[in-house]
Amino acid sequence: MITYRPAQTAEFPELAELRWQFRVEHDASQPGFDASDAAHAEFIPVCLEFLQQGLTEGRWTYWVAVQDDGLIVSNAYVYRIPKVPRPGLLRGQIGYVTNVYTRPTWRGQGIGAQLLRAMQAWARDNAVERLILWPAEGRQDFYGRLGFLPGETLEWDG
């Protein structure tokens, strides 16, 4: 059985390892990417600090799909961005979704989709009026099946 919920602080080391695996899987062929043991050793404490700071600030929620033995098989992060107050919506928020990753051996079972559905239900219950994300190449259909629609964005790459 898989449980879908926000991560607990004790799970941060495993989340940091999953983040490392995700980036190695997607970036290892990029020029300059360093997947060495030394780079890993440097990465993990920085990632742990980031996770803890995000939790402390109260803006990041780290979602996990956890099997009964405690293994995290999938994760997704959402950052809540407060909107400027307006009449009728004094404390609106937008959620930026990132770091959606399922362990390779667990893919194709609907776990990532269920995790995002849990996140969507949480967003509805917590005044997050919109979730946005930038899908990886070839993943647009996956997100489309979950109700994420293509839209116009303007990006500045400073």
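Okay, so the buried residues of α2 are Ala 39, Ile 44, Cys 47, Leu 51 and Gly 54, where buried means under 20% relative accessible area with a 1.4 Å probe, protein chains only. Quick note before I go on: this is a predicted model, where local features need pLDDT of at least 70, side-chain atom pairs count only at pLDDT 80 or more, and totals for chains, interfaces and linings use all residues. Residues are numbered from 1 along each chain as its sequence is written, and side-chain values use heavy atoms, leaving out hydrogens and water.

Back to α2. This helix (a DSSP run of H or I, at least four residues) covers residues 37–57, 21 residues in total. From first C-alpha to last, α2 reaches 31 Å, close to the 30 Å expected at 1.5 Å a residue; that expected span is 1.5 Å times one less than the number of residues.

Now look at α1 and α2 together. Their axes, lines fitted to C-alpha atoms over the stretch in contact, come within 9 Å and cross at roughly 125 degrees, on a scale from 0 to 180 degrees between N-to-C directions. Contact means heavy atoms within 4.5 Å. On the α1 side, the residues making the contact include Phe 12, Leu 15 and Trp 20; on the α2 side, they include Phe 43, Ile 44 and Leu 51.

Definitions and conventions:
Helices (H or I, at least four residues) and strands (E, at least two) are DSSP runs, numbered from the N terminus. Buried means under 20% relative accessible area, exposed over 50%, partly exposed in between (1.4 Å probe, protein chains only).
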